[in-house]
Each structure stands twice: as structure tokens, then as C-alpha cells.
Amino acid sequence: MCDPMVGMLISAGASMINYSQQQDVMSQQQAANDAWVAYQQQAQQKELAADEAARQKAEAARQTSLTDVNAAAQKQQQTTEQARLTDFMTPQSIKQQGTGPDQYPGDLLLSGQQYATPEVQQQIAGQLNQAAQDARSRIAALATINSYGGSQFGLQPTVNQAFQTSGQQIALQGDIRQGDLAVLQAARNVQPLHIVATPSPWGGIASSLAGAAGKGFGGGGGASVAASN
Amino acid sequence: MGGKSHPDNSQMVNFEKQQADQAAAKEAARQQRLNTGTQQINDIFSNANFNQPFYDKYTQAILNYQMPQLQDQYTQAQNKLTYDLARAGTLNSTAAGYSQGLLSKQNLQEQASISASADQQTAALRNQILNEKQTAMNQLYSTEDPTVAANTAASMVAQNQITQPNLNPLGAIFTPLAVGGAGAMQSSINNYYVQKGMQTQPPDTSTAIYG
């Protein structure tokens, strides 16, 4: 014979055990979730910082190229290159030529002309000086043209080099950013910890005891009723 | 009772974390190789190797090849003009000065043209080296192996040594003027014959020949 109170107490105990078990699982799951969120946030922050650092490097390279190819820089480059080309392309015979009106290098005189009359020599000198002047004009024009185009330090190669240099740095940083993004994706693939709640054996035993106690209490009563009948 | 372990997927989670950590380590190593490889390529193609004297040497070699040819032709043209003028009796005349001026101007302009061509060929060499650097960079990104990329860059440096400039011999530059000088002489001879009443050929045939 069992006291009904015993069954009730055992049943309450079983409920308490199950409740405690659920609380424990929920607590562990919450901790696991918090850890997962912290892990993801850390990975995200790390990627964001790395991405920003790489982006700033790429931006710096881009700004440098803009500084190199802006209008003022190109004008300055063209002017400098034009002067260099003019000097480089002008033959030494013209450079060495005197600045006087009838000065000309002696090697331009043909043999025998040194015996010409002063008037003729003057005229020859004038022709040669005019030829030198014409050549200077054409050389200067050619230097100007080439300074815009394909000379060594003309605008075309200079601008190309500026963009290529910045492009290489931007490509490098872009490649690094893609790699960092792939690492972040790998971290995002980490799933949260899932805890499975299983019934406690103590809870099961308590429930069984409570059931047995209740059955004993109910069964004994029936027998006495039958006996009285 | 509380705090006891329950079944979970920790094994899978740990494996995924391990994979993520390995990916991070692998990426860090890859980035290190990229930076190292980039630095190697930049060093190979830097001014320490491809500096101004390197390009100046190339430019000067072109000039040294072509300028003497021009000078030879100019000297021949001068001599021919001298003989033509002397035969025409116009060596010490204003007409001689005019011809000399034309010849001199053509010579100066051809010198400038050769210089400009040498400079442009050097610019093309610079561009070629820039392209080689870009190719080395592209291969670095493809392989992610700085050693291979550096070898590629070094190989390109070696290849660059055998790049040949355009060194075609100069064509006949002063021929028109020299023929013009002969034409002037022929014209003088014709005038002489006309004055003597012994013109040998109509003037138009001489212009056709000597233009």
C-alpha cells in the first residue's frame, strides 16, 4: 500500500528533474549560440579590417595615378619632354653654330669656295644660315609632335606607365581582398553547435515510481471496495 | 544533474572550424607569396636594372649605326655637288649657295629624323619591358608562386637582351639633290652650246632625265 502523497511527491520530483534537464540544455544551447555569434563577428571584423586596409592601398595607388596623369602634370611633362627632344634631336653642327647673322660651320663650305669673293661668301653664308634656321624650325616642330606621342618620356608612355603601375597595385589588393573574402566564407560555413535534449534516466525512474505509487494507491482501494461488496 | 553533457554536433563544428582556420592560414601564406613575388618582380624591373644608362646605350647604338651612313652619303653628295658646280663654273656663285643650303638643310633634318627614330625605338623598348613586367605579374597571380614568377621575370630579362632594334640601312637620301646639281651643270652646258649655235638636244629631254 502506498500513500498517494508519495506518488505525488515522486511525480513532482520527476517533473523537476525534466525541467532542470530542459533548463540545462537551453542554457548550453544559448552559450553555444553566443559563442557562434562571437566567432562569426570576429571573423567578420577581421575580414572587414583586412578589406579596408587593402582598399585603402588600392585607393592610394589610384590617387597616385590621377596625380600623375592630371592635366597640369601632363602639360608639364609635355613641356619638359619637348625641351629634351629639341635638344636631343638638334644636330651638333647647329648647336655649335654661332649666333651671328652670317656665322656657319666651316665644314659646310665646299672645297674651293674659300677663294670666292667676299660678296659670294656672304651670300653662301646667308643661304647656310637660312638652311639651319629652317632646319631648327622643323626640328622644333617634330620635337613638339613627338613629345605628345611615342617618345621616351612623351605623354603616351608616361601615362601608360602611370596607369600600369597603379593597376598592378590595385590588382594585387583586389586579389588579396578576394582571398580574404574566401576566408570569411569558410568561417561562415561553420554551423552553430546544436545540442540535443535527451530524457534523463533519473526523470524516467521517478516517473515510473510515481506511476507505480499511484497504481498501488488506486488498486488497493478497488480491492477493498470489492471486498466490502 | 545540471551541466551534464548532451549529444551534439560538436565534431562537425570542430571540423568546420579547423577547415576555416586552415583556409585562413593558407590565404595568409598565399598573400605572403604574392607580396614577395610582387616585390621580386618590382626589383627585377626596377631602375637598378633598367635604368637610364641602359636605355641610353640602346639609343646610342642606333645612332652609331645610322649616323655614319648618313654622314657618308652627305659627304658623297657634297663632293658630287662640288664637282658639278665646278664643272658648271658656278662653284663660287649665289646658285652654289642655294644648292648648298638645300643640301645642308636636308642633312640636318635627316640627322634629326634619325635621332627621333632612335628615341622612339627606345620608347618602344621601354614599353616592351613594361609589358614584360605585366606578364610576370599576371603569371604571379596565376601561379601564386613567387619563385616561378621570379624565374619568369628573370627569363624575360634574359630575352630582352636579344631584342633587336630596327637597323635597316639608310636608303639613298641625297640622290635627288646630287642629280639636281648634275642637271644644273647639264643646263649650263646646253646654254653654252646654244650660245655657240650647237644645241645638241632639246631642253625637255634633259629635264626628263635629271628632273
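Analyst: **The contact between the chains and the helices around it**

From the N terminus on, the elements of chain B run α-α-α-α-α-α. That is 6 helices and 0 strands, where helices (H or I, at least four residues) and strands (E, at least two) are DSSP runs numbered from the N terminus. This is a predicted model, in which local features need pLDDT of at least 70 and side-chain atom pairs count only at pLDDT 80 or more, while totals for chains, interfaces and linings use all residues. Residues are numbered from 1 along each chain as its sequence is written, and chains are lettered from A and ligands numbered from 1 in the order in which they are written.

The contact draws 61 residues from chain A and 53 residues from chain B; two residues are in contact if their C-beta atoms, placed from the backbone, lie within 7 Å. On the side of chain A that touches chain B, at least two residues each come from α1 (4–69), α2 (71–89), α4 (118–148) and α5 (155–188). Of these, α4(A) provides the largest share, 14 residues. By class, this side of chain A has 32 nonpolar, 24 polar and 5 charged residues. Here Ala, Val, Leu, Ile, Met, Phe, Trp, Tyr, Cys and Pro count as nonpolar, Asp, Glu, Lys and Arg as charged, and the others, Gly among them, as polar.

The largest nonpolar core has 21 residues, and those with the most contacts inside it are A:M89, A:A132, A:A135, A:I139, B:L81, B:L85 and B:A112. Such a core is a set of buried Ala, Val, Leu, Ile, Met, Phe, Trp, Tyr and Cys residues joined through C-beta atoms within 7 Å. A residue is buried if 20 or more other C-beta atoms lie within 10 Å of its own, exposed if 12 or fewer, and partly exposed in between. Two or more residues of this core are given by each of α2 and α4 of chain A and α2 (52–88) and α3 (94–143) of chain B. The greatest contribution, 7 residues, is that of α4(A). Leaving aside neighbours within four places in sequence, A:M89 is in contact with A:I139, A:L142 and A:A143, and also with B:A112, B:S115 and B:A116.

Helix α3 of chain B also holds B:S99. This residue counts as buried because 22 C-beta neighbours lie inside 10 Å. B:S99 and B:L81 are 18 residues apart in sequence and 8.1 Å apart in space, C-alpha to C-alpha. Buried residues make up 27% of the 211 residues in chain B.

In chain A, α1(A) has 66 residues and reaches 96 Å from its first C-alpha to its last, close to the 98 Å expected, a span taken as 1.5 Å times one less than the number of residues. Its buried residues include A:I10, A:A54 and A:S65.

α1(A) packs against α5(A) at an angle of about 175°, with the axes 9 Å apart; axes are lines fitted to C-alpha atoms over the stretch in contact, and angles run from 0 to 180 degrees between N-to-C directions. The two helices are therefore roughly antiparallel, the class for angles over 145 degrees. Their contact divides into 15 nonpolar, 8 polar and 9 charged residues.

Within α5 of chain A lies A:A162, which is partly exposed because 19 C-beta neighbours fall inside 10 Å. Not counting residues up to four places away in sequence, A:A162 touches A:S65, A:D68 and A:V69.

Definitions and conventions: Angles under 35 degrees count as roughly parallel, over 145 as roughly antiparallel, 65 to 115 as roughly perpendicular and the rest as oblique.
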